[in-house]
Amino acid sequence: MRRRDFFAALGGGILVLLVDDSDAQEAGGGARRGTNEPAPTALSAWLHIGETGLVTVYTGKVEVGQNARTALTQAAAEELRAPVESIRMVMGDTDLTPFDMGTFGSMTTPRMNPQIRKAAATAREMLLDLAAEKWSVDRKSLTISDGRVSAGSHSAGFGELTSGQKLTRTIPGSASLTPAKDWKVSGKSVPKVNGREIVTGAHKYAYDVHRPEMQYGKVLYPPSYGATLVSLDGSAAEKMPGVKVVRDGDFAGVTAPDPMAAEKALAALKAEWKQLTAETDSKAVYDYFRRTAQNAPAASALTPVSYTIAYIAHVPLEPRAAVAEWNAGKLTVWTGTQRPFGVRSELSTHFGIAEDQVHVIMPDTGSGYGGKHTGDAALEAARLAKAVGKPVKRNWTREEEMTWAYFRPGGVIDVAAKLNPDGTIAEWEFHNYNSGPSGLSSPYSVATKREQHHPSKTPLRQSSYRGLAATANHFARECYMDELAHSVKMDPLEFRLKNAQDERLRAVIQAAANKFGWQNRTKAAGRGFGIAAGFEKGGYVATCAEVSITNGVVKVVRAAISFECGAIVNPQHLSNQVEGALAMGIGGALFEQIQFGNNQILNARLSQYRVPRFNDMPKIDCVLVDRPDLPSAGAGETPIVGIAPAIGNAIFDATGKRIRSMPMAPKGLQNS
Amino acid sequence: MATVLERVTELDVNGARRRLDADPERTLLSVLRDDLDLTGAKFGCGEGQCAACTVLIDGVPTRSCLTKVGSLSGKKIVTIEGLSPAGELHPVQQAFLDADALQCGWCTPGMILGAVGLLRKTPHPTEAEIVGGMNGHICRCGTYPRIVAAIQAAAAKGGRI
């Protein structure tokens, strides 16, 4: 929205525009930006208080289940001294909110939370100015709480004060904020602000959007990656009632009045494809990574061991979805994405129209985990809608989601070290092929270290996933730390503390170990205990796990996880994220893996690709370490990194067998 | 001789007779979502693996993605939208909110209806019975322990589920 449109659209009141004080919003790793995206604009958030007293906060961040909506509402409520219920958060709407690079990299809490607090703090000061003027009283005599300003016998709600006003203030990002130790709303377990809409089924996700005259679209995908369309006969499909066939180069699809008719029409298309020969498959891919690596490491005197990490899928339970509608040359798209402005850019580029002719609306979405950065479904819906002249819904199936989205990269990691006689690490060498640089650097103190990421060719489309490569790098590093501990016959906890100088790292290790009862653990047949720790994206984590192994079946029976990310913004939602990350991590640790061959995904269904379920859950003890003296960091990603190595180390403890591949027990231990 | 299946013109949904005109081979999930705008039942996999599409049919939790709409003559369907009277929360809905037993919420309507079915059959389930009864439901955000706690809390309150 343009500034001058604000009061026209919203009525009078006061408006605070916040200038972004960061040099640039971080992309957070991976190939996440389109080449033609605009640089971040100067404004990062705005806040309006209407003449009815309703507070509306506008941010380009989005809600995908991580509870950003609630945490940011708390931030505004905190600084405004207003009830949570009086605040409405408008998120991820490209016509209404300021530009935002996207919701990823755990950046909402460290970046957007303070921005919104600054905007709210400024609005609070404006309200106090208005009250002082209205009542002709000394500003120092005013108090503000629970959405009201008072002085002696005077008292007024925000709406009463803003009535008749059209005040705008643009503030720098440096406005002062309430310190965490004085928080009254932030730092508390405010319930999910739109929880009621979700438990009643009222919330409309992108998958649920319906428009008048809307058609259902299907896209004809190639039988294998890279195949090109040689010929297409759509005559049978075109004879079906209400069906339209769309062809534009290699892009082909159908629309129909109901989803089953669309499926039947798609099946009636007769296509001939030219397919490519595959360069590798899911078994040979680890050699392929080494073979195609861009910068081979220099020779080393140390002998490394190798860890491997399989490609895995995000499996957001709401698959990608979009509804597109063209109106007088302007395109409106409802879609679930972590980057609504990135999707706007993709669409404007594809159709050769200005960005202000594309409106992307992002309803709170059925999860992403880093898997919804691109606008694939939005582009398909928009192409079909343009061709047939009606709104088109393009909801992906599970198979489409698990084939045509992108994956967490597979990788190979070579690690080697040399210890001093006292168990400290003298040399450390760590080479990651393909999976990525996040979490590459060891948080332990090492005299000499060489840590490198070697990009490789990838046979599959790969990009972000919760925690990025930090999961792979922590798996290799923390399992290898266990190998080193055993090589000098030290307790794995003692070995870590011996090499950890960072006080925050030591604190989470000790917190998890204490909660778990590491020192008092008792060995039993078929049982094992493991510990792992790490640091990434401003958060410190330590995880302990106990496994039981029966006939080769690995079950995580108990886990303790401690997490520290500075000042806690919402304890309930933080522990939910930490536990959820651990639960998700069990899948990649033990059984999730994408199988592929002949340029095809071989297990693109939930009946073929196992994700964690109720009976995979251990008893989880979660310890949140609060540091009100430190800025808040994000929490949606880093808690995932510790569980896989903790399980691997526990399996070794139970069996004496070191498993250096994720997943570690896809079909039980014997066959892994 | 092949039987010509008749169009489905009426369903009993949430206590009301709903008029429609649908091919009997279509799934109940699609008809609820696309014809009746009852989008609380969610698509997650289309093969009965995730249970996000769960609705109650004659009181029994059922995967609507595998249920042909032609098979529902005379049956009573309850979706999340009809679980409690407008403006009120069912005890299981309230228990999910109290336990913060959701993140993105895509699985939540199916989870709640699955839990209602479980509690009607087994009013005081053990933890193992909850895990066993709910294991067909996937929560990709991993809120499983909180869902177990929510079901336990709803059971402990007693009352009519």
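# Reading a predicted two-chain model

Tutor: Chain B holds five helices and five strands. From the N terminus on, its elements run β-β-α-β-β-β-α-α-α-α. Keep in mind that this is a predicted model.

Student: What scores does the model have?

Tutor: The model has an ipTM of 0.97 and a pTM of 0.95. For chain B, the mean pLDDT is 96, and 97% of the residues reach 70 or more.

Student: How do I read a sheet?

Tutor: Strands of a sheet pair through backbone hydrogen bonds, and the pairing is either parallel or antiparallel. In chain B, an open sheet of five strands has the order β2-β1-β5-β3-β4, with mixed pairing.

Student: Which strands of chain B are the edge strands?

Tutor: They are β2 (16-22) and β4 (60-63) of chain B, each of which pairs on one side only. From one strand to the next, the twist averages 45°.

Student: How many bridges join β3 to β5 in chain B, and do these strands run parallel or antiparallel?

Tutor: Two bridges join β3 (residues 54-57) to β5 (residues 76-78) of chain B, and the two strands run antiparallel. To find one such place in the structure, look at B:L56, whose bridge partner in β5(B) is B:V78.

Student: Which helix lies across β3 and β4 of chain B?

Tutor: That is helix α3 (residues 108-121) of chain B, which runs at about 35° to β3(B).

Student: How is a pair of packed helices described?

Tutor: Two packed helices are described by the angle between their axes and the distance between the axes. Take α4 (residues 127-134) and α5 (residues 144-157) of chain B: their axes come within 10 Å and cross at roughly 120°. The crossing of α4(B) and α5(B) is right-handed.

Student: Which residues of α4(B) and α5(B) meet there?

Tutor: B:E127, B:I130, B:V131 and B:M134 of α4(B) meet B:I147, B:V148 and B:I151 of α5(B). By class, the residues of this contact are six nonpolar, no polar and one charged.

Student: How does the radius of gyration of chain B agree with that of a compact globule?

Tutor: A compact globule of 161 residues would have a radius of gyration near 15 Å; chain B has 16 Å, which agrees. The C-alpha trace of chain B spans about 55 × 30 × 25 Å along its principal axes.

Student: What does chain A contain in helices and strands?

Tutor: Chain A has 16 helices and 28 strands. Its radius of gyration is 27 Å, close to the 26 Å that the globule rule gives for 672 residues, so chain A is as compact as a globular protein of that length. Along the principal axes, the C-alpha trace of chain A spans about 75 × 75 × 45 Å.

Student: How many residues of chain B are in contact with chain A?

Tutor: 44 residues of chain B are in contact with 45 residues of chain A. On the side of chain B that touches chain A, α1 (28-35), α2 (91-98), α3, α4 and α5 of chain B each supply at least two residues. That side has 20 nonpolar, 14 polar and ten charged residues.

Student: What should I look for in the backbone angles?

Tutor: Most residues other than glycine have a negative phi, and most peptide bonds are trans. Phi of A:S136 is near 50°, a positive value in a residue other than glycine. A:S136 lies in the loop between α3 (108-135) and β5 (143-145) of chain A. The peptide bond from A:M662 to A:P663 is cis, with omega near 0°. A:P663 is found in the segment after β28 (661-662) of chain A.

Notes
Residues numbered from 1 in each chain as written. Chains lettered and ligands numbered in written order. Predicted model: local features only at pLDDT ≥ 70, side-chain atom pairs only at ≥ 80, totals over all residues. Pairing = 2+ DSSP bridges. Helix = DSSP H or I, 4+ residues; strand = E, 2+ residues; numbered from the N terminus. Axes fitted to C-alpha atoms, helices over the stretch in contact; angles between N-to-C directions. Contact = placed C-beta atoms within 7 Å. pLDDT = per-residue confidence, 0-100. Left-handed = near helix turned anticlockwise from the far one by under 90°. Nonpolar A, V, L, I, M, F, W, Y, C, P; charged D, E, K, R; others polar. Rg over C-alpha atoms; globule rule 2.2 N^0.38 Å.
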